[in-house]
Amino acid sequence: MIIGVPKEIKNNENRVAITPAGVMSFVSHGHTVFIEKDAGVGSGFTNEAYVSAGAQIVERAADVWAQADMVMKVKEPLPSEYEYFRPGLVLFTYLHLAAEPELARALKEKGVIAIAYETVQVGRTLPLLTPMSEVAGRMAAQIGAQFLEKTKGGKGILLSGVPGVSRGKVTIIGGGVVGTNAAKLAIGLGANVTIIDLSAERLRELDDIFGSQINTLMSNPMNIAQAVAESDLVIGAVLIPGAKAPKLVTEEMVKAMQPGSVIVDVAIDQGGIVETSDHVTTHDNPTYVKHGVVHYAVANMPGAVPRTSTLALTNVTMPYALQIANKGVHKAVADNPALRLGVNVANGEITYEAVARDLGYDYVPVEVALEKQLLA
Ligand SMILES: NC(=O)C1=CN([C@@H]2O[C@H](COP(=O)(O)OP(=O)(O)OC[C@H]3O[C@@H](n4cnc5c(N)ncnc54)[C@H](O)[C@@H]3O)[C@@H](O)[C@H]2O)C=CC1
Ligand SMILES: CC(=O)C(=O)O
């Protein structure tokens with residue numbers, strides 16, 4: 001198979017979908033890898049390192065897309081990349097389609113087989129999302145602490161407090177991977193931490209992990225309203241796989257926060273859990289203020305720490321990418337139920353139920369959609 005890796009073009013996105021080690025794995029299995037010139041530079045991988053590993057460097061993104069059977073990326077394609085879509089092309093990347101209706105339409109209309117990292121699922125875990133959620137969760141606490149500084153627009157508090165002055169209050173809504181990692185850092189910073197989740201089982205696990213270092217609360221509008229109003233920093237970390245994020249923090253709740261408080265809505269890639277985080281921001285211009293509250297809504301947070309993130313991401317994506325390359329997409333998906341759940345669009349159909357529901361399309365099972373191609 002020919003695998004193509006374009007350079008990421010999202011604002012300050014310095015990750016890359018394959019490292020030289022990944023190239024070596026593909027090549028040792030008889031595959032060909034085209035890497036766009038300088039695609040790895042932001043993550044510290046030179047063109048020469050890719051060539052030494054057996055890749056061919058291609059000058060133009062258009063040629064990478066045109067020659068590849070499978071394109072591997074990190075972030076969802078941007079509108080300027082939609083023209084490269086074509087029937088039968090396999091696209092393996094983060095997609096977050098419930099929040100990207102135009103992208104979903106383009107993939108559907110152009111007959112791409114689009115496999116989303118974030119919906120590949122093993123039991124209750126999302127193995128290709130986990131490492132980036134670890135990164136973003138840890139970043140959320142440190143970014144929140146930074147924007148609480150007066151010079152950054154915040155109310156001017158230090159989360160740890162100092163002897164004789166209270167600690168800052170952090171509320172984390174969603175106690176999964178992002179939430180747990182945000183809590184680790186927030187506890188490390190000395191904050192007073194509350195985690196809110198809908199799952200009593202998860203709250204029990206969090207209580208076992210963190211003990212008296214955190215407070216846990218069941219997710220309901222009353223608990224959320226009270227915790228948010230009292231918080232200096234709120235971190236949005238809820239996920240319903242594939243679906244648009246539920247708006248759990250209403251505009252009224254935001255208005256009740258003190259001016260200069262901070263919201264880091266990590267779930268913004270799925271649309272965000274805060275009513276007032278109504279648009280995505282970028283690393284260049286990461287925050288805006290609404291009702292006196294600083295909102296941070298960057299959808300590619302790990303892109304700011306690309307060396308760590310690229311290594312962590314490719315550690316988990318490569319085994320799946322190799323299965324697709326070695327077996328072909330049909331057999332790889334048929335053999336691996338985890339990968340099957342990753343397929344969001346195939347041959348003109350939406351094949352992930354939550355995405356179809358949220359975007360108003362008919363849901364077509366993956367097998368049926370892939371069969372269409374074999375019959376055609
Ligand atoms: N902005 C960025 O750069 C990044 C964003 N993310 C996003 O962060 C979000 C969270 O991801 P993970 O922590 O990996 O998901 P996860 O599946 O590990 O955790 C989600 C948690 O939300 C809880 N939950 C579901 N409904 C809830 C409700 N109504 N109230 C409270 N809790 C509820 C679940 O019980 C679960 O514990 C996702 O949208 C993910 O895509 C992840 C990485 C980077
Ligand atoms: C999860 C995701 O979208 C990211 O790491 O950018």
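**Second largest pocket**

I started with the second largest pocket, which holds about 210 Å³ of space in this predicted model. For pockets I worked on a 1 Å grid over the protein atoms alone: a pocket is an open set of points where a 1.4 Å probe fits, with protein on both sides within 12 Å along at least five of seven lines, and lining residues have an atom within 4 Å of a point. Points are joined across faces, edges and corners, and the volume is the space filled by probe spheres set on them.

I found 17 lining residues here, with Ala 99, Ile 268, Asp 269, Gly 271 and Val 280 nearest the centre. By class I noted five nonpolar, four polar and eight charged; Ala, Val, Leu, Ile, Met, Phe, Trp, Tyr, Cys and Pro count as nonpolar, Asp, Glu, Lys and Arg as charged, and the others, Gly among them, as polar. Domain 1 (2-120 + 306-375) and domain 2 (130-304) both contribute to this lining, so the pocket lies between them. The domain bounds come from an automatic or database assignment.

**Largest pocket**

Next I looked at the largest pocket, at about 1,100 Å³. Its lining has 44 residues; Gly 176, Val 177, Ala 237, Val 238 and Leu 239 lie nearest the centre. Two or more residues come from each of α5 (130-147), α6 (177-188) and β8 (192-197), and α5 gives the most, with four. Helices (H or I, at least four residues) and strands (E, at least two) are DSSP runs, numbered from the N terminus.

**Ligand 2**

Which residues are around ligand 2? I listed ten names, with a heavy atom within 4 Å as the cut-off: Arg 15, Lys 75, Tyr 94, His 96, Leu 129, Met 132, Asp 269, Ala 299, Asn 300 and Pro 302.

For polar contacts (N or O pairs within 3.5 Å), I noted ligand oxygen atoms 2.8 Å from the side chain of Arg 15, 2.7 Å from that of Lys 75 and 2.7 Å from that of His 96. The protein buries 96% of the 220 Å² that ligand 2 exposes alone, by Shrake-Rupley with a 1.4 Å probe.

**Ligand 1**

Around ligand 1 I found 27 residues, the closest being Ser 133, Asp 197, Ser 219, Asp 269 and Met 301. The Asp 269 side chain has a polar atom 2.6 Å from a ligand oxygen, and that of Ser 219 has one 2.7 Å from a ligand nitrogen. The protein covers 89% of the 870 Å² of ligand 1 on its own.

**Bookkeeping**

Residues are numbered from 1 along each chain as written, with chains lettered from A and ligands numbered from 1 in written order. Local features need pLDDT of at least 70 and side-chain atom pairs 80 or more, while totals for chains, interfaces and linings use all residues; side-chain values use heavy atoms, without hydrogens or water.

Technical notes:
Polar contact = N/O pair within 3.5 Å; in protein donor to acceptor, adjacent residues only side chain to side chain.
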